[in-house]
Amino acid sequence: MKGDAVGPVLFYGQGAGQMPTGSAVVSDLVELGRNVLTRASGRRVPLLSFQEWALGEIPLKKMDDVVMPFYIRFSALDRPRVLSKISGILGKNDISISAVNQKGRQINGAVPVVMMTHEAKEKNVHQALKEINRLGVILGKTVFIRVENEME
């Protein structure tokens, strides 16, 4: 190739193909997107997509203080009053249950008990599970997973 201002130029590389073409298209779209603010504010979006002057310290919340819904799965003996013991301990720790599911029925065996909670403080969940896991009707370690909600 030859340019008016630069004279002869030579480009080399992989050439056309699925990955190089896709990379070039995405790169072009990112470049266009960075220029969107140029007309409105007179500024170009920086390479890392944030303005350095806008950075600041964000205080982190301790995990014990985080409030969110939880998924909890117990392996419990299939006996009367097991759910009432579990729900009583959850209630004592300010944890409200939004849903319960117990599949399968086994005589003198363990069954999975799955619960979803309403928003609860993680510290309270840890405290409740510690007490629940000491019950003679719980077999194995209880599983709990934080349920992330969309930010409002």
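The model is predicted: local features need pLDDT of at least 70, side-chain atom pairs count only at pLDDT 80 or more, and totals for chains, interfaces and linings use all residues. Residues are numbered from 1 along each chain as its sequence is written, and side-chain values use heavy atoms, with hydrogens and water left out. Helices (H or I, at least four residues) and strands (E, at least two) are DSSP runs, numbered from the N terminus.

**Helix H4**

- Helix H4 holds 12 residues, 122–133.
- At 1.5 Å a residue it should span 16 Å, and its end C-alpha atoms are 16 Å apart, which agrees. The expected span is 1.5 Å times one less than the number of residues.
- Glu 122, Asn 124, Val 125, Ala 128, Leu 129 and Ile 132 of H4 are buried. Buried means under 20% relative accessible area, exposed over 50%, and partly exposed in between (1.4 Å probe, protein chains only).
- These residues cover an arc of only 150 degrees around the axis, which puts them on the same side of H4. The arc is that of the directions from the helix axis to the C-beta atoms.
- An α-helix has 3.6 residues a turn, so residues three or four places apart point the same way.
- The buried residues of H4 pack against strand E4 (70–77), helix H3 (82–92), strand E7 (120–121) and strand E8 (143–146). Contact here means heavy atoms within 4.5 Å.

**The sheet**

- Four strands form an open sheet in the order E5-E6-E4-E8, with antiparallel pairing. Two strands pair if DSSP finds at least two bridges between them.
- E5 (97–102) and E8 stand at the edges with a single partner strand each, so one side of each is left without a neighbour in the sheet.
- The twist averages 15 degrees from one strand to the next. Axes are lines fitted to C-alpha atoms, and angles run from 0 to 180 degrees between N-to-C directions.
- E4 and E6 (residues 110–117) pair in the antiparallel sense over seven bridges.
- Ala 76 stands opposite Val 111 in E6.

**Two buried loop residues**

- Asp 78 lies in the loop between E4 and H3. Its relative accessibility is 14%, so Asp 78 counts as buried.
- The side chain of Asp 78 makes a polar contact with that of Gln 102 (3.4 Å). A polar contact is a pair of N or O atoms within 3.5 Å; within protein, one must be able to donate a hydrogen and the other to accept it, and residues adjacent in sequence count only if both atoms are side-chain atoms.
- Val 66 sits in the loop between helix H2 (36–41) and strand E3 (67–68). Val 66 is buried, at 14% relative accessible area.
- Not counting residues up to four places away in sequence, Val 66 touches Lys 61, Ala 120, Lys 121 and Glu 122.
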